[in-house]
Amino acid sequence: MAKTIAVANQKGGVGKTTTAVNLAAILASWGNHVLLVDTDPQGNATSGIGLQRGSFRKTLYHSLVLDESLAEIAKPSSIASLDVVPANKDLAGAEIELVEVGQREFRLKRSLAGIESKYDYVIIDCPPSLGLLTLNALTAAKSLLVPIQCEYYALEGVTELFDTLARIRRLHNPGLMIEGLLLTMYDERTNLSAAVAADLRDFYGLQVFQTVIPRNVRLAEAPSYGKPIISYDAHSKGAEAYSQLAREIVYESKSTGSRSGSSTVV
Ligand SMILES: Nc1ncnc2c1ncn2[C@@H]1O[C@H](COP(=O)(O)OP(=O)(O)OP(=O)(O)O)[C@@H](O)[C@H]1O
Ligand SMILES: [Mg+2]
């Protein structure tokens, strides 16, 4: 069975897509079969992994709203064994069109059920909101990975996200675990980054990944070439950090099924 990880934080621009794309690419480069699912109408994961607009006709919308099979929607990417379920602005309509539908939080879970077994990992990139698309991702996932940008208001919103997590566990997905909280865009020259990291570790302890993603211009450049960091600059600090994150995830999931203790402490 695939390990399905939702990358979510309702705060915008914290590194969700960068994390989803690069984690998916690195896991695939190690020989895993990986599916990257774009649930954001902005379609940043779709373009960031190199799927050109016009190279696909169908998107996640067709599966969530029109019940079409994901097997026919998923597209291969330039990375061997990495497939992508693309998204575009059509998906914004899904939030509204699904309002009247029964079991509307379960649409993605249902869509994935047909193909999940083909993959070792399914990585879901979420939009910056706690709307129905994110709820679908959290209902379909085995675990939640939360990127947190090292800045002053970093923790704002994390409590609300954890309230949502508790609600999803209660109503739709009792087994949902926390994969980990990931510090992103860490700038070692500033005291602020160090202070945010220290606060987060004080508060959330073992739920915070040891790996910290540095602010790295190569990571910011790569999406404009439609490449994950391992294809764009494999020797950059960003590539190194995301590889370390992937090792942490693979190692932890082998030993405990989730980060130690993380499923209990919220
Ligand atoms: N570690 C990093 N170093 C430098 N730039 C980064 C890093 N991580 C992300 N970025 C850049 O910061 C911006 C926001 O990142 P990203 O798109 O991954 O965030 P997001 O949480 O997915 O945003 P949204 O909420 O809009 O979906 C992008 O321009 C991205 O290239
Ligand atoms: Mg994004």
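## Contacts with ligand 1

A polar contact is a pair of N or O atoms within 3.5 Å; within protein, one atom must be able to donate a hydrogen and the other to accept it, and residues adjacent in sequence count only if both atoms are side-chain atoms. In this predicted model, a backbone N or O atom of Gly 15 lies 3.0 Å from an oxygen atom of ligand 1. A polar side-chain atom of Lys 16 lies 2.8 Å from an oxygen atom of ligand 1, and an N or O atom in the side chain of Gln 42 is 3.2 Å from an oxygen atom of the ligand. On its own, ligand 1 has 620 Å² of accessible area, and the protein covers 81% of it (areas come from the Shrake-Rupley method with a 1.4 Å probe; for residues, only the protein chains shown count as cover).

## The shell around the ligand

Ligand 1 is surrounded by 18 residues, of which Lys 16, Thr 17, Thr 18, Pro 214 and Asn 216 are the closest (a residue is near a molecule if one of its heavy atoms lies within 4 Å of it). At least two shell residues come from each of α1 (16–29), β8 (208–214) and α10 (217–221), and α1 gives the most, with 3 residues. Helices (H or I, at least four residues) and strands (E, at least two) are DSSP runs, numbered from the N terminus.

## The largest pocket

The space taken by ligand 1 is the largest pocket. A pocket is an open set of points on a 1 Å grid over the protein atoms alone, where a 1.4 Å probe fits, with protein on both sides within 12 Å along at least five of seven lines; lining residues have an atom within 4 Å of a point. A molecule sits in a pocket if more than half of its atoms lie within 2 Å of the pocket's grid points.

The volume of the largest pocket is about 530 Å³, taken as the space filled by probe spheres set on the points, which are joined across faces, edges and corners. Of its 31 lining residues, Gly 15, Thr 17, Thr 18, Met 185 and Leu 219 are the closest to the centre. Two or more lining residues come from each of α1, α2 (44–48), β7 (177–186), β8 and α10; α1 gives the most, with 5 residues.

## Two loop residues

Asp 67 is not a glycine, yet has a positive phi of about 65°; Asp 67 lies in the loop between α3 (60–64) and α4 (70–73).

## Notes on the model

Residues are numbered from 1 along each chain as its sequence is written, while chains are lettered from A and ligands numbered from 1 in the order in which they are written. In this predicted model, local features need pLDDT of at least 70, side-chain atom pairs count only at pLDDT 80 or more, and totals for chains, interfaces and linings use all residues; side-chain values use heavy atoms, with hydrogens and water left out.
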